[in-house]
Amino acid sequence: MHGFIYLASQSPRRRQLLAQIGVKHELLLPDRMENAERLEEERSGELPADYVRRVTRLKLDAARKRLAKRGLAEAPILTSDTTVAIGRRILGKPADAQQAAEMLAALSGRSHRVLTAVAVSSGRSTLLEMSVSKVRFAELSAQDIQRYIDTGEPFGKAGAYGIQGPAAVFIAHIEGSYSGIMGLPLHETATLLRRARVLF
């Protein structure tokens, strides 16, 4: 049995969610030489579900190499990736305010999917699960969108919003996993950690 895991994610929300279910974890973050953002590059024609699984596996492969390079104690590694999708269209992290405004306008008054894949290393094996939730936004005015962008909240978040922040007022309905929409589906995560023999 393992008493802790490595979390290969810079997301404070994932740390918070692991702490919520009592999972002891240490960060295993990229060093300055690694281009972590490159792992999230999209491929032409790739479906959102395929994209989020592929990126999560790439993150785990990179974290395994990081662990070996640093000579750290062996323990399971957890990685995750979240994307927002309208149909086949992937809405990643906005590059600037204009892109954030375009994404939020596209989400306004309609439903979209939030897909979060989570992977855990168990020895040489990779265990992976995915959560898919449906979120419906209320109609947003241009003023609503601009006020939200002015908070700085859209940046670094898939689909230009975080459910746990001020954007919660935009959300009329959700169907699925709240924690999955935040970035780490706790039911699926707990299932994987039990399979990897992690105590929590």
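The model is predicted, so local features need pLDDT of at least 70 and side-chain atom pairs count only at pLDDT 80 or more, while totals for chains, interfaces and linings use all residues. Residues are numbered from 1 along each chain as its sequence is written, and side-chain values use heavy atoms, with hydrogens and water left out.

**Stop 1: the largest pocket**

Select R14, E40, K59, D81 and K93. Of the 37 residues that line the largest pocket, these are the closest to its centre. A pocket is an open set of points on a 1 Å grid over the protein atoms alone, where a 1.4 Å probe fits, with protein on both sides within 12 Å along at least five of seven lines; lining residues have an atom within 4 Å of a point. The volume is about 790 Å³, counted as the space filled by probe spheres set on the points, which are joined across faces, edges and corners.

Next, colour α1 (12-20), α2 (48-70), β3 (77-86) and α5 (178-182), the elements that give two or more residues to this lining. Helices (H or I, at least four residues) and strands (E, at least two) are DSSP runs, numbered from the N terminus. The largest share, 5 residues, comes from β3.

**Stop 2: the second largest pocket**

Select H2, R64, L67, A68, E74, A75, P76, I77, S121, S122 and G123, which line the second largest pocket. Its volume is about 190 Å³. Here α2 gives the most to the lining, with 3 residues.

**Stop 3: helix α1**

Which residues of α1 are buried? They are R13, R14, L17 and L18; buried means under 20% relative accessible area and exposed over 50%, with partly exposed in between (1.4 Å probe, protein chains only). Seen down the axis of α1, they fall within an arc of 135 degrees, so they line one face of the helix. The arc is that of the directions from the helix axis to the C-beta atoms. The face turned away from the buried side carries exposed P12 and A19.

At the N-terminal end, S11 caps α1, with a side-chain oxygen 3.2 Å from the backbone nitrogen of R13. Just after the helix, G22 takes a positive phi of about 75 degrees.

**Stop 4: H112**

Finally, select H112, found in strand β5. H112 counts as buried because its relative accessibility is 3%. Show Y161 too: its side chain is joined to that of H112 by a polar contact of 2.7 Å. A polar contact is a pair of N or O atoms within 3.5 Å; within protein, one must be able to donate a hydrogen and the other to accept it, and residues adjacent in sequence count only if both atoms are side-chain atoms.
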